[in-house]
Amino acid sequence: MLAIARTICVVLGITACASPVEHRIEYRQRHMGTEARIVVYASDSSVAAAAATAAFARIAEIDRDLSDYRVDGTVARIAAAPAGHAVAVSRDLAVVLSHALTLAAQTDGAFDPAAGAVVRLWREARRSGALPDPVRVRVARAHGGWRNVAVDTVARTVRPAVAGLWLDLGAIAKGWAADEALAVLRTNGVDRALLEFGGEIVAGEPPPGADGWRVAVGSAAQDTTLLARGALSTSGPAEQFVEIDGVRYSHVLDPRTGMSLTSGRSATVHAPSGWLADALATAATVLDSAGLDRLARAYPVAAITVW
Ligand code: ADP
Ligand code: MG
């Protein structure tokens, strides 16, 4: 289309309608414990740089708000609140938690954004190399669980039913942040953009003359696909795990048992948005085949591959 337009311009001798050349520009910053990469095609590098700066700032804002690593953050405030107390939260946190709780109900708790206390014990295990004490796991499970937390997206409050409830939005927040960063790029005049953030990839309009961005899927170098106006997420134990007595424990756990996954399973999800791809990919590594079938039926917009 662009080529035809250029030819017409040349034939008619109209120089003003020649479209400006778009350059590929890449930006990288560390966020949420991993590298965030933004790739854009833009004709004006200063517009692109300003857009990328604003997109990274939005990611940092979401991280500050949703991270359970911060002692002074919203998640810590919820954990410190008495049972039944309504804690005021941001729109980001309310919306992301609401999405996450819907998925928790659909997966019967295989995906659980309120299992933070148990996740923390497994994080400790990754550091110490020793399995968590089963008694502490039981206590942590009693102080969490998706049935023990309610969110009001209109009033923007979160109400834990038990004290010491740690949210952990780590399986959905990166995807949400990638979606929001892409939206910021767009409002700053950059449509042709790709965002890669840990296992999350979110794409806007494709590079000039292409149908999509060539991105990797799966473990083999030759496994690639074209992505545009959508998201691709991979979850699995490839990078974050601990090996204890010859068994590899993933950073994803089954909140219904409190045990970290040892199946070695990975999942890739193609979905219209990053948060959905991110959350579904994590859920898919936990579910059995009947649960996976139900999930696939609930989300016909998503393509879920487990390997
Ligand atoms: P990555 O961080 O590699 O992108 P995921 O998107 O799968 O991986 O998120 C994994 C994180 O989600 C864990 O580190 C933990 O914080 C949290 N988590 C672990 N198990 C669950 C679960 N069953 N449901 C929801 N969140 C989980
Ligand atoms: Mg995830």
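Reader: By class, how many nonpolar, polar and charged residues does the shell around ligand 1 have?

Author: This is a predicted model, in which local features need pLDDT of at least 70 and side-chain atom pairs count only at pLDDT 80 or more, while totals for chains, interfaces and linings use all residues. For the classes, Ala, Val, Leu, Ile, Met, Phe, Trp, Tyr, Cys and Pro count as nonpolar, Asp, Glu, Lys and Arg as charged, and the others, Gly among them, as polar. Sorted that way, the shell around ligand 1 has seven nonpolar, four polar and six charged residues.

Reader: Which residues of that shell are the closest to ligand 1?

Author: Residues are numbered from 1 along each chain as its sequence is written, chains are lettered from A and ligands numbered from 1 in the order in which they are written, and side-chain values use heavy atoms, with hydrogens and water left out. A residue is near a molecule if one of its heavy atoms lies within 4 Å of it. Ligand 1 is surrounded by 17 residues, and the closest are Ala 110, Asp 168, Ser 235, Leu 253 and Thr 282.

Reader: How much of the accessible area of ligand 1 does the protein cover?

Author: Let's take the polar contacts first (pairs of N or O atoms within 3.5 Å; within protein, one must be able to donate a hydrogen and the other to accept it, and residues adjacent in sequence count only if both atoms are side-chain atoms). A nitrogen atom of ligand 1 lies 3.0 Å from a backbone N or O atom of Asp 112, while an oxygen atom of ligand 1 is 2.6 Å from an N or O atom in the side chain of Ser 235 and an oxygen atom is 3.0 Å from one in the side chain of Asp 278. Of the 570 Å² of accessible area that ligand 1 has on its own (Shrake-Rupley method, 1.4 Å probe), the protein covers 91%.

Reader: Which elements give two or more residues to the shell around ligand 1?

Author: Elements here are DSSP runs numbered from the N terminus: helices are H or I with at least four residues, and strands are E with at least two. Those that give two or more residues to the shell around ligand 1 are α5 (116–128) and α8.

Reader: What coordinates the magnesium ion, and how far apart in sequence are the parts tied together by Ala 171 and Asp 278?

Author: Donors are N, O and S atoms within 2.8 Å of the metal (3.2 Å for Na, K and Ca), and water is not among the atoms, so sites may look incomplete. At 2.0 to 2.5 Å, the magnesium ion (ligand 2) is coordinated by Ala 171 (O), Asp 278 (O), Asp 278 (OD) and Thr 282 (OG1). Ala 171 lies in the loop between β5 (157–160) and α7 (173–187) and Asp 278 in helix α8 (residues 274–286), so the pair ties together parts whose separation in sequence is 107 residues.

Reader: Are Ala 171 and Asp 278 buried or exposed?

Author: Buried means under 20% relative accessible area, exposed over 50%, and partly exposed in between (1.4 Å probe, protein chains only). By that scale, Ala 171 and Asp 278 are both buried.

Reader: What is the relative accessible area of Arg 156, in the loop between β4 and β5?

Author: Arg 156 has a positive phi of about 55 degrees although it is not a glycine, and the hairpin it belongs to has four residues between the strands. Arg 156 is partly exposed, and its relative accessible area is 38%.

Reader: Which side chain makes a 3.1 Å polar contact with that of Thr 268?

Author: Thr 268 sits in strand β15 (residues 267–271) and is buried, with a relative accessible area of 8%. A polar contact of 3.2 Å joins its side chain to that of Thr 234. The 3.1 Å contact of Thr 268 is with the side chain of Trp 307.

How values were computed. Two strands pair if DSSP finds at least two bridges between them.
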